[in-house]
Amino acid sequence: MQDDVKNVSILDFQENLLNWYQQTKRELPWRKNQDPYRVWVSEIMLQQTKVDTVIPYFNQFMEWFPTPEALAYANEEKVMKAWEGLGYYSRVRNLQTAVKEVVEEYGGEVPSEKKDFSSLKGVGPYTAGAVLSIAYEKPEPAVDGNVMRVFSRILNITDDIGKAKTRKRFEAFLPEFLEGVRPSEFNQAVMELGALVCTPKSPGCLLCPVQEHCEARKQGIQEELPVKEKKKAPTAKDMAAVVLKNKEGKLLIHQRGEKGLLAKLWEFPNVEVPAKQSGPDVLSEFFTKEYGMNVKIGQPIQKVQHVFSHLIWNITVFDAWISENAEPNNDSKWILLEEADEYAFPVSHQKILETQKEREAAD
């Protein structure tokens with residue numbers, strides 16, 4: 001037995017946790033069966049996203065792409081549209097790439113062996129553990145922040161959970177907890193416990209089915225765990241964006257590059273505004289330099305703030321017009337407002353789009 005778990009009765013812990021899970025588990029669409037493709041999609045969606053947010057996205061995604069084959073050969077723009085608003089868009093691009101490999105190399109069957117599944121694009125240790133345990137009953141730990149929070153408290157582990165060596169410590173002892181039980185049930189029970197009871201703040205210890213096993217509660221330090229170094233405060237940037245119309249009433253939209261933040265999503269043309277410069281001046285210069293267009297910048301019509309983990313965009317949105325016929329560059333196009341729903345926009349630019357729809361409806 002690992003030193004980490006020597007003071008815990010694993011059998012009693014399993015029994016207490018699994019009895020609670022059977023009685024209280026939520027009815028979630030990806031729990032209806034153990035189809036590995038459905039489990040995989042749900043796990044990718046659930047990374048950095050709350051369950052209630054994911055449910056409608058998951059249901060629509062399964063409607064549009066019900067099988068690996070459907071996703072593998074789907075139009076990328078439609079796949080991005082299905083993900084629009086979930087964020088972390090590289091997740092879905094990697095998922096489509098990986099699913100295409102499953103279709104072409106494994107006959108559409110999601111690999112059940114860890115080596116094969118882990119070799120797929122975007123599949124890290126957590127995703128591999130979650131999918132293999134939930135779909136195939138493999139005794140693999142699924143170590144994410146939820147699980148580390150629960151066991152940091154149960155075992156009074158004070159190592160920083162943001163460090164790779166701490167994750168490996170959890171991965172080393174958790175297989176003992178998977179012995180003699182259905183891995184799918186156990187791993188989901190721990191996730192459920194972390195989501196509903198053993199929460200980051202104000203954990204519901206009085207409702208906890210495994211409270212008698214919790215070393216942190218015995219010492220009254222449950223709210224001090226887990227230990228995680230605080231991230232740096234995000235950097236704020238002032239941005240200016242334009243809703244540019246040509247004489248036909250079409251709007252100019254731009255597709256972001258292949259890599260980096262919000263890769264390949266569509267947006268309204270925008271630029272960072274340096275300190276002590278005005279948005280209209282910077283935008284006029286931007287259009288002259290990047291598009292060869294003489295654009296008339298109007299009044300500000302909207303302010304949008306969007307917060308990333310490391311960055312805050314403070315966007316001032318302007319009306320703009322161009323009188324001559326102007327061809328956009330290769331990564332931009334003119335569209336009618338009603339065509340915009342065919343394209344995937346980041347949340348900040350969805351807000352700009354919604355305002356335009358409201359303005360047009362009011363005219």
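**Cavities, pockets and backbone**

Analyst: The second largest cavity has a volume of about 60 Å³. Please note that this is a predicted model.

User: Which residues line the second largest cavity?

Analyst: The lining of the second largest cavity is made up of Pro141, Ala142, Val147, Leu174, Leu178, Phe186, Asn187 and Val190. Helix H11 gives the most to this lining, with three residues. By class, seven of the lining residues are nonpolar, one is polar and none is charged.

User: How many cavities of 30 Å³ or more are there?

Analyst: There are two cavities of 30 Å³ or more. The largest cavity holds about 100 Å³ of space.

User: What lies nearest the centre of the largest cavity?

Analyst: Of the 13 residues that line the largest cavity, Arg153, Cys198, Cys205, Cys208 and Cys214 lie nearest its centre. The largest share of the lining, three residues, comes from helix H9. The lining of the largest cavity has nine nonpolar residues, three polar and one charged.

User: Now the pockets. What is the volume of the largest pocket?

Analyst: The largest pocket has a volume of about 1,500 Å³. It is lined by 41 residues, and nearest its centre lie Gln48, Asp144, Gly145, Asn146 and Arg149.

User: Which helices supply at least two residues each of that lining?

Analyst: Helices H2 (36–46), H3 (51–64), H8 (125–136), H9 (145–155), H10 (164–177) and H11 (183–196) each supply at least two residues of the lining of the largest pocket. The largest share, six residues, comes from H11.

User: How does the lining of the largest pocket divide by class?

Analyst: It has 17 nonpolar, eleven polar and 13 charged residues.

User: And what is the volume of the second largest pocket?

Analyst: The volume of the second largest pocket is about 480 Å³. There are 22 residues lining the second largest pocket, and the closest to its centre are Leu86, Gly87, Tyr88, His306 and Phe308. Helix H6 (90–106), strand S5 (296–307) and helix H14 (347–362) each contribute at least two residues to the lining of this pocket. By class, the lining of the second largest pocket has ten nonpolar residues, eleven polar and one charged.

User: Let us turn to helix H13. How far apart are its end C-alpha atoms?

Analyst: The end C-alpha atoms of H13 (residues 279–291) are 17 Å apart, which agrees with the 18 Å that its 13 residues should span at 1.5 Å a residue.

User: Which residues of H13 are buried?

Analyst: The buried residues of H13 are Gly279, Val282, Leu283, Phe286, Phe287 and Tyr291. They cover an arc of only 135 degrees around the axis, so they lie on the same side of H13.

User: Why would residues spaced like that point the same way?

Analyst: An α-helix has 3.6 residues a turn, so residues three or four places apart point the same way.

User: What do the buried residues of H13 pack against, and what does the face turned away carry?

Analyst: The buried residues of H13 pack against strands S1 (235–245), S2 (251–255), S4 (270–272), S5, S6 (311–321) and S7 (332–335). The face turned away from the buried side carries the exposed residues Asp281, Glu285, Thr288 and Lys289. Just after H13, Gly292 takes a positive phi of about 65 degrees.

User: Which residues other than glycine have a positive phi?

Analyst: Among them are Asn156, with a phi of about 55 degrees, and Lys264, with a phi near 70 degrees. For context, most residues other than glycine have a negative phi.

User: Where do Asn156 and Lys264 lie?

Analyst: Asn156 is in the loop between H9 and H10, and Lys264 is in the loop between S2 and strand S3 (266–267).

User: Are they buried or partly exposed?

Analyst: Asn156 counts as partly exposed, at 23% relative accessibility. Lys264 is buried, with a relative accessible area of 18%.

User: Last topic: which residues does the cis peptide bond join?

Analyst: The cis peptide bond joins Leu225 and Pro226, with omega about 0 degrees. Pro226 lies in the loop between helix H12 (215–219) and S1.

Notes. Residues numbered from 1 in each chain as written. Predicted model: local features only at pLDDT ≥ 70, side-chain atom pairs only at ≥ 80, totals over all residues. Heavy atoms only, no water. 1 Å grid on protein atoms, 1.4 Å probe; cavity = no way out; pocket = protein on both sides within 12 Å on 5 of 7 lines; lining within 4 Å. Points joined across faces, edges and corners; volume = space filled by probe spheres on them. Helix = DSSP H or I, 4+ residues; strand = E, 2+ residues; numbered from the N terminus. Nonpolar A, V, L, I, M, F, W, Y, C, P; charged D, E, K, R; others polar. Expected span 1.5 Å × (residues − 1). Buried < 20%, exposed > 50% of the residue type's maximum accessible area, 1.4 Å probe, protein only. Arc of directions from axis to C-beta. Contact = heavy atoms within 4.5 Å.
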